[in-house]
Amino acid sequence: MMGVLNHLSTLLLLSLLPPALSHVVDKFSDVPQCKTFFLKETTPNLPGILVGGTVQNQNRYKPICQLFNNTYRFATLYDTTNRIPVFSAYTFSGKEVGRPSQSWMMEPQLEGVVEEEMKNQSVVKKRNNNEDIRFQAVNKDYDNNTLGLEKGHLFPCSYAPDNDTKKSTFTLTNAVPQESSFNKGSWKTMECRVRKALELNCKDNNNKIKAYVVTGAVPSSSNKLNNRVNIPDLLWTAYCCYNNTKNWTVGAYWGENRNGNGNILNLETLGELEAKLNQSYNGTVKVFHDNCPRNITVRVNKRTREETESECVEK
């Protein structure tokens, strides 16, 4: 009984935190800095999940304004039933070389722990009176699995502009069980191609790179890791920017979460991706604000495209 009362008291305290500090929120728009991760401050439209910026099932889906070292780094919509993110949204402004030494973190507030930032699992469990982690994945779910699955970033570490942002991507609320050869093969090649395209084509009037990216996962009907964490059927990503030549740069990719034997993912239009996602969400999906064109892909000259793609293919 005392444990229940303590948990209720924690949830009450959590509800009293001001929106500027609390980063598990009712709406992404509750935190001004969080809105900036979305083109025109407009969140994706996913029927039955997120419509007009409002979560349809607030007990299951949790908007997270991902906070690390007192700075909001990106935004994630998290599914506490499947224990995987629906999507992560972030801006790309160029990358910093290198990969940090960072243990995987988690979201304390999903467990009712009053902490303003992502923390290591041991910290969350200790501050939750050593109770089991219920509403998100844990390291043990992935450890020593025999399915060839690993933690696959939605917001890639390789897209981050500084070391702290790189570290912030190592939260289990930003990861899904991803087939290892897919993660290290065709998905990694795709991430490189997208990064190159944004570096070449998304410079603003101040000659600085600025692009919007959303990366998501379509859950399977019942396939689970450790009988807890949904293994998604499909991963997808889309990007959009308006550059200093007054042109839109837009593109999308998707791939099945299985051994792809190094297959190269095809560059698609935003409209084609949304049509693909319509099949999974049984309604009209919109990844970006209406201003982002649905029928074009990134435009670069043939030689530049060939040089860029050759750099990203595993040798």
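Are Phe 92 and Tyr 159 buried or exposed? Both are buried, meaning under 20% relative accessible area with a 1.4 Å probe and protein chains only (exposed is over 50%, partly exposed in between). The model is predicted, so local features need pLDDT of at least 70, side-chain atom pairs count only at pLDDT 80 or more, and totals for chains, interfaces and linings use all residues. Residues are numbered from 1 along each chain as its sequence is written, and side-chain values use heavy atoms, without hydrogens and water.

**View 1. Aromatic pair Phe 74 and Phe 155.** Rings of Phe, Tyr and Trp (its six-membered ring) pair if their centres lie within 6.5 Å; planes under 30 degrees apart are stacked, over 60 edge-to-face, the rest tilted. The count is 10 aromatic pairs. Phe 74 sits in strand S4 (residues 71-79), and Phe 155 in the loop between strand S8 (149-153) and helix H5 (163-168), 81 residues apart. Helices (H or I, at least four residues) and strands (E, at least two) are DSSP runs numbered from the N terminus.

**View 2. Aromatic pair Phe 92 and Tyr 159.** This pair is edge-to-face: 5.5 Å between centres, 75° between planes. Phe 92 lies in strand S5 (residues 84-92); Tyr 159 lies in the loop between S8 and H5, 67 residues apart.

**View 3. The ring cluster.** Ring pairs join Phe 74, Tyr 90, Phe 92, Phe 155 and Tyr 159.

**View 4. Helix H7 (residues 186-201).** Of its 16 residues, 12 are buried, so H7 is largely enclosed by the rest of the structure. Among them are Trp 187, Met 190 and Leu 198.

Conventions: The expected span of a helix is 1.5 Å times one less than its number of residues.
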